[in-house]
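Here is a short report on a two-chain model. Keep the structure open while reading.

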Amino acid sequence: MDFSIFLIQCLNSLQYGLLLFLVAMGLTLIFGIMGVINLAHGSFYMIGAYMAYALSPIVASTFGGGFFSVLVIGLVLAVILGYFLEWAFFSFLYERDHLQQVLMTYGLILVFEELRSLLVGDDVHGVQAPDFLAGVIPLGDLMTYPVYRLFISAICLLLALGMYYIFTRTRLGMMIRAGSTNREMVQSLGIDIKLLYRIVFAAGVALAAFAGMISAPVSTVYPGMGNQVLIICFVVVVIGGIGSIRGAFLAAMLIGFVDTFGKVLLPEAAGVLVYVLMALILLWKPDGLFKTS
Amino acid sequence: MDKLFTGKFLFTGLVFAGLALYPFIGSSYGLDLVSKIMIYAILAMSLELLVGSTGLVCFGQAAFFGIGAYIAVLFSPESESANLLWLLPASILAAAVYALFVGALSLRTKGVYFIMVTLAFAQMAYYVVHDTKLGGGTDGIYLYFKPILGSVLDLNNPKTLYFFTWVFLVWTFVFLAMLLRSHFGRVLAGIRINEQRMRASGFSTYPYKLAAFTTSGGIAGLAGFLFAVKDGFVNPEMMSWHLSGALLIMIILGGLGHLRGAIIGAFAFVFLQEFFKSSAIFGEFAKHWQLGLGFTIIACVALLPKGLVGLPEVLRKRLDGSRPRDAQVVLK
């Protein structure tokens, strides 16, 4: 393998891994803290991507456009959506069996898919990257690398650092970590666990939708894109250890590299590699790489 | 208690009797649909043994189903019918052996990790048939000559196949009902409720769980065999996680912890799908069938905490004027 090809694949792995981390972080938060196995998480990613597609003409005509205004408006809408969903569909489910929540989120997947089909249609759409990020960087003599992919990596990294800061250095982060360890204890200390849940859920939805929005220009926007990402994110969460942000980061990087290089080096076995990796890791460490509780 | 006991057996008996009489009135389309649902019901019961009875949430049941189906097709000779007497056991055995292998490894993990390891092994089986020559790739393989048993049973006839499936549906139900009432079944229930305590009272739980897992895999293989013979066709989608997921949805919808819940769930799920897909009722809107199905599922979760099995109880309590306890939690 040529060095520049190797470098490009490394950058691709990094970008894919970071993007996975962004989606998986929301999943692991909701999972670890609220105990909800959220199958609809892929739908939030899909919703984000479709928002990037559908909002840009609207934003362009009302605010004079701009990629970043689309991102901000999409993010706000996603937070509102998450807040509403937790209130309407999940707040009464916590005392029930976990599998009831699985059923609920499955119902939500179907509803979101059809609403998407009714509102935007079933076509595949492309989303333009903003002009100032549309260029390429030369690598070596023949190879180039798109700037936008570097931008995705950078923004994911920034968000990851931001989340890490919130998690380890702020009062909110402390409450979230405590909530994931012992729910009753946190409640008895006078913390409004319901509000905490609502915030966590809204944040999770926003992270997934944001990942969808920024990945729209590279991955195109298509029906069923949520299901694609859902299972792989569960793999990331489980390998990393449920509720562990650090674990999710490491696992996402691992999956990013294994998947990208698997597709280059062993194309016929690429699909299965990720699952083999997961099975091996879980047989070696039955609670994931970083166990939290 | 006694009344409830007979009531629920009366219900199951009536369902089985109704299914036995259906071919005399149903169309050929209906026959095919009900055959399909009965196969799903067998498959759902095999999963119920793990999820509802033992508390092991398996997210890879489709793999055992698919293996049963692929063996039925791969082991059939190309230009004549295979003998049912060895082909059916071969399918069941192959699925059970894979289940033994998967179970032996995955039962080391617990909870969500178990869910994901079973998914991983199912995905491996999926990619083997999807990406290699062995399984005919994405196109799948056809079964031109369906297995026969001398001149007694010819599964090429849809009605024969229907009754053949029906017999296995009843057999699976009776077998699992007896299994769950046996010593073995009681141990499984104990593991579901509190595995730690079972170990403390001297049960080595791992072999019990492994036996349940293998049995479940074998029954799923049986369902796969029936499905391959019914459709005369297998493809990798039979092993995809979408099916494993749909099966979980069926048994949760029907009501966990009850064998008849698995049957009710399979029927309800497929009927709801067909209902919302029917353009006679919904016209143009039928292509958005998932919307109706999704809202129905959400309504079921909100109103029926115990699944469809709990419906009579909820209705009875409503009629008595007092709200059921679980519904109060919902309304709070």
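What percentage of the 293 residues in chain A do buried residues make up? The share is 47%.

Chain A holds 11 helices and 2 strands. Its order along the sequence is α-α-α-α-β-β-α-α-α-α-α-α-α. The radius of gyration of chain A is 19 Å, close to the 19 Å from the globule rule for 293 residues, so chain A is as compact as a globular protein of that length.

Chain B has 14 helices and 4 strands. Its radius of gyration is 20 Å, close to the 20 Å that the globule rule gives for 332 residues, so chain B too is as compact as a globular protein of its length.

The table sets out values for each chain.

| Chain | Buried residues | Span along principal axes | Contacts at least 6 apart that join residues at least 24 apart |
|---|---|---|---|
| Chain A | 47% of 293 residues | roughly 65 × 55 × 35 Å | 76% |
| Chain B | 47% of 332 residues | about 65 × 55 × 35 Å | 74% |

## Where the chains meet

In the model, 31 residues of chain B are in contact with 36 residues of chain A. On the chain B side, the elements that give two or more residues are helix 5 (111-131), helix 9, helix 12 and helix 14 (325-331). Helix 5 of chain B gives the most, with 10 residues. By class, this side of chain B has 24 nonpolar, 5 polar and 2 charged residues.

Now take helix 5 of chain B by itself. It has 21 residues and reaches 30 Å from its first C-alpha to its last, close to the 30 Å expected at 1.5 Å a residue. Helix 5 of chain B is mostly covered, with 17 of its 21 residues buried.

Which residues of chain A does B:Met116 contact? Beyond its neighbours within four places in sequence, B:Met116 is in contact with A:Phe234, A:Val235, A:Val238, A:Met278 and A:Leu282. B:Met116 also stands out in the largest nonpolar core, which has 203 residues. The residues with the most contacts inside that core are A:Val23, A:Val236, B:Ala41 and B:Met116. In soluble globular proteins, nonpolar side chains tend to be buried together.

## Helix 12 of chain B

Helix 12 of chain B runs over residues 289-303. At 1.5 Å a residue, its 15 residues should span 21 Å, and its end C-alpha atoms are 21 Å apart, which agrees.

Its buried residues are B:Trp289, B:Gln290, B:Gly292, B:Leu293, B:Gly294, B:Ile297, B:Ile298, B:Cys300 and B:Val301. What covers them? The cover includes elements from both chains: helix 3 (67-90) and helix 4 (98-120) of chain A, and helix 9 (241-254) and helix 10 (259-277) of chain B.

## Two loop residues

B:Ala82 sits in the loop between helix 3 (61-74) and helix 4 (84-106) of chain B. Is B:Ala82 buried or partly exposed? It is partly exposed, because it has 19 other C-beta atoms within 10 Å and a buried residue needs 20 or more. Beyond its neighbours within four places in sequence, B:Ala82 is in contact with B:Phe75, B:Ser76, B:Pro77, B:Leu87 and B:Pro147. The C-alpha atoms of B:Ala82 and B:Pro147 are separated by 4.6 Å, although these residues are 65 apart along the chain.

A:Thr220 lies in the loop between helix 8 (193-219) and helix 9 (225-240) of chain A. A:Thr220 has a positive phi of about 60° and is not a glycine. Most residues other than glycine have a negative phi. A:Thr220 counts as partly exposed, with 14 C-beta neighbours inside 10 Å.

## Confidence

The model scores ipTM 0.79 and pTM 0.84. The mean pLDDT of chain B is 87, and 95% of its residues reach 70 or more.

Over residues 327-332 of chain B, pLDDT stays under 50. The model has 7 contacts beyond four places in sequence for this stretch. Where pLDDT is low, the predicted coordinates should not be read in detail.

Notes: Residues numbered from 1 in each chain as written. Chains lettered and ligands numbered in written order. Predicted model: local features only at pLDDT ≥ 70, side-chain atom pairs only at ≥ 80, totals over all residues. Expected span 1.5 Å × (residues − 1). Buried ≥ 20, exposed ≤ 12 C-beta atoms within 10 Å, placed from the backbone. Contact = placed C-beta atoms within 7 Å. Nonpolar A, V, L, I, M, F, W, Y, C, P; charged D, E, K, R; others polar. Core = buried A, V, L, I, M, F, W, Y, C linked by C-beta atoms within 7 Å. Rg over C-alpha atoms; globule rule 2.2 N^0.38 Å. pLDDT = per-residue confidence, 0-100.
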